[in-house]
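Visitor: Could you take me in for a close look at one part of this model? I would like to see how the pieces pack against each other, and I am new to this.

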Amino acid sequence: MGYGEAWKVLADMITELRSRGETIPPNVMNDLRSAKTMIQILKVDPTHFENLPRIEVYMENVESYLVFTVQE
């Protein structure tokens with residue numbers, strides 16, 4: 001699964017949690033948006049390999065929040 005598809009899964013999970021009344025912290029939403037921006041930059045110019053670690057960190061932060069929240 002590529003970054004775009006993984007981002008979509010995380011965004012869909014956040015949408016589902018919001019529909020159930022969960023409030024998503026601003027830092028999680030910022031990380032999700034930042035990951036999307038970095039993914040878009042990478043699509044436009046695939047030579048921006050320096051963005052890969054940043055994308056992974058942003059998405060790991062969102063994923064960690066989601067896994068913790070869903071487990072509760």
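Guide: Start where H1 passes H3: the crossing is left-handed. Keep in mind that this is a predicted model. Helix H1 covers residues 3-19. Helix H3 covers residues 51-71. The axes of H1 and H3 come within 11 Å of each other and cross at roughly 30°. An angle under 35 degrees counts as roughly parallel. H1 and H3 are therefore roughly parallel to each other.

Which residues make this contact? On the H1 side they are Tyr3, Ala6, Trp7, Leu10, Met13, Ile14 and Leu17. On the H3 side they are Leu52, Ile55, Glu56, Met59, Val62, Glu63, Leu66, Thr69 and Val70. Sorted by class, the contact of H1 with H3 has 13 nonpolar residues, 1 polar residue and 2 charged ones.

Pick out Thr69 from that list. Thr69 sits in helix H3. Is Thr69 buried or exposed? Its relative accessible area is 10%. Buried means under 20%, so Thr69 is buried. Set aside the neighbours of Thr69 within four places in sequence, and its contacts are Leu17 and Glu22. Leu17 also belongs to the H1 side of the contact with H3.

Step back for a moment. The chain has 3 helices and 0 strands. From the N terminus on, its elements run α-α-α.

Helix H2 spans residues 26-44. H2 packs with H3 at an angle of about 150°, and their axes are 9 Å apart. Over 145 degrees counts as roughly antiparallel. H2 and H3 are therefore roughly antiparallel to each other. Their crossing is left-handed. From H2, the contact takes in Val28, Asp31, Leu32, Ser34, Ala35, Met38, Ile39, Ile41 and Leu42. From H3, it takes in Asn51, Leu52, Arg54, Ile55, Tyr58, Met59, Asn61, Val62 and Tyr65. By class, there are 13 nonpolar, 3 polar and 2 charged residues where H2 touches H3.

Now the remaining pair. The axes of H1 and H2 come within 10 Å and cross at roughly 155°. H1 and H2 are therefore roughly antiparallel to each other. H1 and H2 also make a left-handed crossing. Here Tyr3, Gly4, Trp7, Leu10, Ala11, Ile14 and Arg18 of H1 meet Val28, Met29, Leu32, Ala35, Lys36, Ile39 and Leu42 of H2. This contact of H1 with H2 divides into 11 nonpolar, 1 polar and 2 charged residues.

One residue ties much of this together for the eye. Find Leu32, in helix H2. Leu32 is on the list for the contact with H3 and on the list for the contact with H1. Its relative accessibility is 6%, so Leu32 counts as buried. Which residues touch Leu32, leaving aside its neighbours within four places in sequence? They are Trp7, Leu10, Ala11, Ile14 and Val62. Leu32 and Met59 are 27 residues apart in sequence, yet 6.7 Å apart in space, C-alpha to C-alpha.

Now compare the loops. Gly21 lies in the loop between H1 and H2. With a relative accessible area of 60%, Gly21 is exposed. Gly21 and Glu56 are 35 residues apart along the chain, and their C-alpha atoms are separated by 27 Å. Thr47 is in the loop between H2 and H3. Thr47 is exposed as well, with a relative accessible area of 58%.

Finish with the whole chain. Its C-alpha atoms fill a box of roughly 40 × 20 × 15 Å along the principal axes. Of the 72 residues, 32% are buried. The chain exposes about 4900 Å², and carbon and sulfur atoms supply 57% of that area. Among contacts with a separation of 6 or more, 62% join residues 24 or more positions apart.

Notes. Residues numbered from 1 in each chain as written. Predicted model: local features only at pLDDT ≥ 70, side-chain atom pairs only at ≥ 80, totals over all residues. Heavy atoms only, no water. Axes fitted to C-alpha atoms, helices over the stretch in contact; angles between N-to-C directions. Helix = DSSP H or I, 4+ residues; strand = E, 2+ residues; numbered from the N terminus. Parallel < 35°, antiparallel > 145°, perpendicular 65-115°, else oblique. Left-handed = near helix turned anticlockwise from the far one by under 90°. Contact = heavy atoms within 4.5 Å. Nonpolar A, V, L, I, M, F, W, Y, C, P; charged D, E, K, R; others polar. Buried < 20%, exposed > 50% of the residue type's maximum accessible area, 1.4 Å probe, protein only. Areas by Shrake-Rupley, 256 points an atom, 1.4 Å probe, with all protein chains shown as cover.
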